[in-house]
Protein chains: 2
Amino acid sequence: MNTFEQLSQQEKNNLKQELDRRYESFRSKQLSLNMTRGVPAPEQLDLSNELLTCVTEHHYHSQKGVDCRNYGGVDGIPEAKELFAAYMEVATDEIVVAGNSSLNLMHDTFMRAMIKGVMKDEMPWSQQKDIKCICPAPGYDRHFSICDYLNIQMITVEMTDDGLNMDEIESLVANDEGIKGIWCVPKYSNPTGVTYTDEVVERLAAMKTKASDFRIFWDNAYAVHHLTDTPAQLMSILDACKRAGNPDRVYMFGSTAKITFAGAGVAVLAASEKNINWLRSQMIFQSIGPDKINQLRHVTFFKNIEGIHQLMKKHAQILKPKFDAVQTTLEKELGQKGIAQWTNPKGGYFTSINTPNGCAKKVVEMAKKAGVMLTPAGATYPYQKDPFDRNIRIAPSFPPKADIEKAIELLAICIQLAAIEN
Amino acid sequence: MNTFEQLSQQEKNNLKQELDRRYESFRSKQLSLNMTRGVPAPEQLDLSNELLTCVTEHHYHSQKGVDCRNYGGVDGIPEAKELFAAYMEVATDEIVVAGNSSLNLMHDTFMRAMIKGVMKDEMPWSQQKDIKCICPAPGYDRHFSICDYLNIQMITVEMTDDGLNMDEIESLVANDEGIKGIWCVPKYSNPTGVTYTDEVVERLAAMKTKASDFRIFWDNAYAVHHLTDTPAQLMSILDACKRAGNPDRVYMFGSTAKITFAGAGVAVLAASEKNINWLRSQMIFQSIGPDKINQLRHVTFFKNIEGIHQLMKKHAQILKPKFDAVQTTLEKELGQKGIAQWTNPKGGYFTSINTPNGCAKKVVEMAKKAGVMLTPAGATYPYQKDPFDRNIRIAPSFPPKADIEKAIELLAICIQLAAIEN
């Protein structure tokens, strides 16, 4: 097969005619497929249905006898701390087990940094001028939204195959006191699927930052969300920070949103004991405590960390065929044509595809007109501005496999049409 | 019986001897009773045990077919909005149904006001100088803590029998642009048990405030928490605000913490549609949505507002004898002695008692030494400073009746001893 570059004008015209015909055929079918967000499928949620009824009127006490129905315990019940400390690879005094949303914990951690600073002697971010956050991109739109909401200037740093361009990042943080943080999805990254190398983790932990109140926002959303039998290994950033003499540099976040129930899971924040103490000393003003019953449900359901890993294998069985369908369809439609590059993730929730520069918006628009909703082009970049207008995030978890095949076929048609028109 | 004032020195000495003897007798028993917080008793929590298992693997969809296990719906499921709109006496577009903690909603509403201001065109509170909040006292310590945390200056206004000293409040807000808010527990107030009169509600709604970004934080924590068959009536503040041309003046909060489970209930925020839209436009940065499963549990359990009222009658049956025990014991020990005034609440969670001035700290300390933990003296005032050192909050909900009788007897002994020593 020839790449698009090698095609003659006549061949291009013929191909375009054929693609137009296929596109119109899709349009006439009036599909209504939604591939916009990384949402678990119902059959994934079914895996945790036992969670709904495993705490009963005969079992609502924690192991230490705490009545989980009642008030108290701002940082979670002890057995939940134990379970999720194992999950986050930290000690039990380095974790807070909270409500149902890790985004909530991230947002609130930013809010506290704005209002109170990241530690007792540090100035609140809101009282400092021109504060900024490094946003590796393509990345997670909801991270960027928090910065945008708080008027924190975002500095886009293009993702690499290793995850991060550490040379660029080191140079930025060494020279600008206004840079207060960096967003990271270190494992099976949203959307590129990359897992940070040990070198990247160690350089993040050790790099010199001009700001003394710099923090890494480590959203380990896909820590156990493997698609293969050879899980990616991610070095512990907290350990690396401790080794580098920067123990308080990182806030780590996680949740069971994509393990148990997306809307009714348990979220956690892990960090150095000093960070946790500082944050907990403020959390007491926010709430008398999280939903302990739901924490007890999770502990009862999982029993231990092995229970989490077992469940994740069942998730993989459901997700893998869908991710494979994306690969197969993209390969079949776009392979060897030299117009698009896409990832083949070993975990997480997304496949990321780069169209020819200047085509992503057009492609998403065309797909929409034919009934397939994709994540808006640009969403994976700060300010929704993809400098190359090329990145599209594919979220194949929710739709059935047959729908994914149709949606990706249409996507491929749109990409080819846009490439020809370009 | 003589009042303390009428006693001769000899009578006082004799009484003191007798009280000392009784106090020592208590000490020797080494009690360990905790009356510090308004915490539901286990038998109250038992009333809602059905909640634990009423959502099952066969029932997790909302009426409109939303899978409550999954992501989505930042402001609550429609049927929960309906139920709690009825509870808060507002329209369904005037409410957000959230997680398990109304304190969390209050805290976050303050945080948003600090960071973003209370409306699009208003300046963030954190960018204004010397901002202040009116704190009617005695009041709820966790309200005051939020102000203290945010360095918002608190202005203490002494509570009256009607609830609020409106002359003083009107004068304050009319003349100081720095006054941005007022905390209110308008029904069965914590701790005085008072319910605001219609006049107080109307004056709050209509008063001229120098600050255009003034807000009432209306913590209606005990809206349906009656102890008698003749519930107190509270005028709708939102309606009053609308009538007065200040529809956006009030944020109202409520929760099922003291209806179903204190730690695993549902919390709500109600306000004008404009306020709700402004807040919701920010909530989307904080979370993808609350725990919808727990909202569905509550709707399934209650069915409708009548279900809530029925449940509250059962709570009253448990609580009333405890509150009666407080009254009976106080009356027996302190009645006619002219040294203490206490409330006889018709609802809510507290009895409030005023000792002779300058005695509250001493009394709480003495009770502690004899094994009864009371809410720290001063806690009911901003900065933990009761200007008269006289107010003590009694929280009789949790302990068994026999323990309450012992605790209150000891409290009365301590008050008398302190009064004599004064």
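Q: Before we start, which confidence limits apply, and how are residues, chains and ligands labelled?
A: In this predicted model local features need pLDDT of at least 70 and side-chain atom pairs count only at pLDDT 80 or more, while totals for chains, interfaces and linings use all residues. Residues are numbered from 1 along each chain as its sequence is written, and chains are lettered from A and ligands numbered from 1 in the order in which they are written.

Q: How many residues of chain B are in contact with chain A?
A: On chain B 45 residues are in contact with 45 residues of chain A. Two residues are in contact if their C-beta atoms, placed from the backbone, lie within 7 Å.

Q: Which elements of chain B give two or more residues to that side?
A: They are helices H2 (42-46), H3 (50-53), H5 (102-116), H6 (141-149), H10 (273-286) and H11 (292-302) of chain B. The largest share, 6 residues, comes from H5(B). Helices are DSSP runs of H or I with at least four residues, strands are runs of E with at least two, and both are numbered from the N terminus.

Q: And what is the make-up of that side by residue class?
A: The side of chain B that touches chain A has 22 nonpolar, 18 polar and 5 charged residues. Here Ala, Val, Leu, Ile, Met, Phe, Trp, Tyr, Cys and Pro count as nonpolar, Asp, Glu, Lys and Arg as charged, and the others, Gly among them, as polar.

Q: What rotation superposes chain B on chain A?
A: A rotation of 180° with 0.0 Å of shift along its axis does so, with an RMSD of 0.0 Å. The two copies are therefore related as by a two-fold rotation axis. The superposition is by least squares on the C-alpha atoms of residues with pLDDT of at least 70 in both copies.

Q: Which residue of chain B comes closest to the axis?
A: That is Thr53(B), with its C-alpha at 2.6 Å.

Q: Why do the copies meet through the same surface?
A: Because 100% of the interface residues of chain B are also interface residues in chain A.

Q: Changing topic: what is the span of helix H1 of chain A?
A: H1(A), residues 9-29, has 21 residues and reaches 30 Å from its first C-alpha to its last, close to the 30 Å expected at 1.5 Å a residue. The expected span is 1.5 Å times one less than the number of residues.

Q: How many of its residues are buried?
A: H1(A) is hardly covered, with a count of 1 buried residue among its 21. A residue is buried if 20 or more other C-beta atoms lie within 10 Å of its own, exposed if 12 or fewer, and partly exposed in between, with C-beta atoms placed from the backbone.

Q: What about strand S5 of chain B, then?
A: S5(B) is mostly covered, as 6 of its 6 residues are buried. Strand S3 (residues 132-137) of chain B pairs with S5(B) in the parallel sense over 3 bridges, with Ile182(B) as the bridge partner of Ile134(B). S5(B) also pairs in the parallel sense with strand S6 (residues 215-219) of chain B, over 4 bridges; there Phe217(B) is the bridge partner of Trp183(B). Two strands pair if DSSP finds at least two bridges between them.

Q: Which strands form the open sheet in chain A, and in what order?
A: The order is S9-S10-S12, with antiparallel pairing. S9 (341-342) and S12 (391-394) of chain A are the edge strands, each pairing on one side only.

Q: Is Phe253(B) buried or exposed?
A: Phe253(B) counts as buried because it has 24 C-beta neighbours inside 10 Å. Its place is in strand S7 (residues 250-255) of chain B. Leaving out residues up to four places away in sequence, Phe253(B) touches several residues, including Trp218(B) and Leu269(B).
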